[in-house]
Amino acid sequence: MLKIGLIGCGFMGTMHADCYKNMEGVTLAAVADLRRDKAEAVAEGTDAAIYADGRDLIATAEVDVIDVCLPTYLHTEYALLAMDRVKYVFIEKPVALTAEEGHALLEKSQRTGAHVQVGQVIRFWDEYVELGKIVREGTLGRVVNASFRRLSPRPTWGWEEWLLDTARSGGAAQDLHIHDVDYVLSLFGEPRRFFSVKNTLGEKNSYVHTLLQYEDFAVSVEGTWDLPAARPFEAAFRVVFERGVIENAGAGFLRYDADGAHPIAIEKKELAGGYKGDNISDLGGYYNELLYFTERAKAGEPIACATLADGVSSLEFLLRELAFQG
Ligand SMILES: NC(=O)c1ccc[n+]([C@@H]2O[C@H](COP(=O)([O-])OP(=O)(O)OC[C@H]3O[C@@H](n4cnc5c(N)ncnc54)[C@H](O)[C@@H]3O)[C@@H](O)[C@H]2O)c1
């Protein structure tokens, strides 16, 4: 049984716990949160030991892996400690706030041999995985142009409103836009050049729009959390190929060609804990990424997708977007 230690039982920690509770051969052995009620809620239905602080969990809990679901500004401190204790560490995205932190994490993982996965979950999200296959297999020909966007109301749920404090979260750029940046880099690699715009009015960098120029196609990546609460969250993409278009937006996940619009089916998986059908979509790519992570940990194999190096590269590209002057 793979024993999980989960640090941070807020929005994302709760999601991760639901995933672990629905996996075979995995047990939530320890949870930590400053807020006792949050830790108790996440531990419900398990025998998990409850800790008041992530440091105590890392120092004393009997666990095989540690999952850091803390606010971003705490990732580095706790992940560095975790790498001294266990061989597998999961760090939510963005991996850190600065390139220096990213390099400290890389250096520690190299020194300890700890395997680290970063929560760049879009790499595991069904529609994006399917798109990746179509791009790599070339079934619709080459990519002509592409657009990715992620638009959200302001995230007001965070503990002590840490998300709305750019110094602690990195703002919409680092917290939200990085999802698509990481995915685009994983799919197409580094662009030949890019052009980036962002706002300074109001909360700085709460809107970022970057155009990436590749050898023979161009990609637009747009992100903001400037929307009012009534505007539903939207994560969408449209990729134009030589022989068709793949779009994931309001109308669903579709392939368009000269004959019309064709829905693309996503296979639903059955989960060990009984979640299936519509429920699995609640867990989304989080289940897929954590299943990948726990399977690697069980097998003692290295992490090859959404690695620490990937997370740091995406963070560095994002920091270049923010520094871009035109
Ligand atoms: N992959 C995604 O799609 C996604 C979505 C949302 C959030 N996230 C990331 O997940 C991380 C957590 O975000 P969240 O939305 O869950 O935040 P949150 O505020 O909901 O939860 C953070 C929790 O950490 C706890 N905490 C703070 N300091 C602690 C400490 N020292 N020890 C133990 N617990 C402590 C808080 O009490 C809180 O419950 C962030 O890095 C965020 O960017 C990722």
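Predicted model: local features only at pLDDT ≥ 70, side-chain atom pairs only at ≥ 80, totals over all residues.
Residues are numbered from 1 along each chain as its sequence is written.

The protein chain is assigned domain 1 (2-118 + 286-306) and domain 2 (123-266), with bounds from an automatic or database domain assignment. The C-alpha centres of the two domains are 26 Å apart. Contact (C-beta atoms, placed from the backbone, within 7 Å) joins 13 residues of domain 1 to twelve residues of domain 2. On the domain 1 side, helix α9 (residues 278-299) gives the most, with three residues; helices are DSSP runs of H or I with at least four residues, numbered from the N terminus.

The ligand is surrounded by 28 residues, the closest being Gly10, Phe11, Met12, Glu92 and Trp159; a residue counts as near if its C-beta atom, placed from the backbone, lies within 6 Å. Domain 1 and domain 2 each supply at least three residues to this shell. Helix α1 (residues 11-21) provides the largest share, three residues.

Helix α5 (residues 99-112) packs against helix α10 (residues 308-323) at an angle of about 165°, with the axes 10 Å apart. Axes are lines fitted to C-alpha atoms over the stretch in contact, and angles run from 0 to 180 degrees between N-to-C directions. The two helices are therefore roughly antiparallel, a term for angles over 145 degrees. Ala99, Gly102, Leu105, Leu106 and Ser109 of α5 meet Leu308, Ala309, Val312, Leu315, Glu316 and Leu319 of α10.

Note on methods: Parallel < 35°, antiparallel > 145°, perpendicular 65-115°, else oblique. Contact = placed C-beta atoms within 7 Å.
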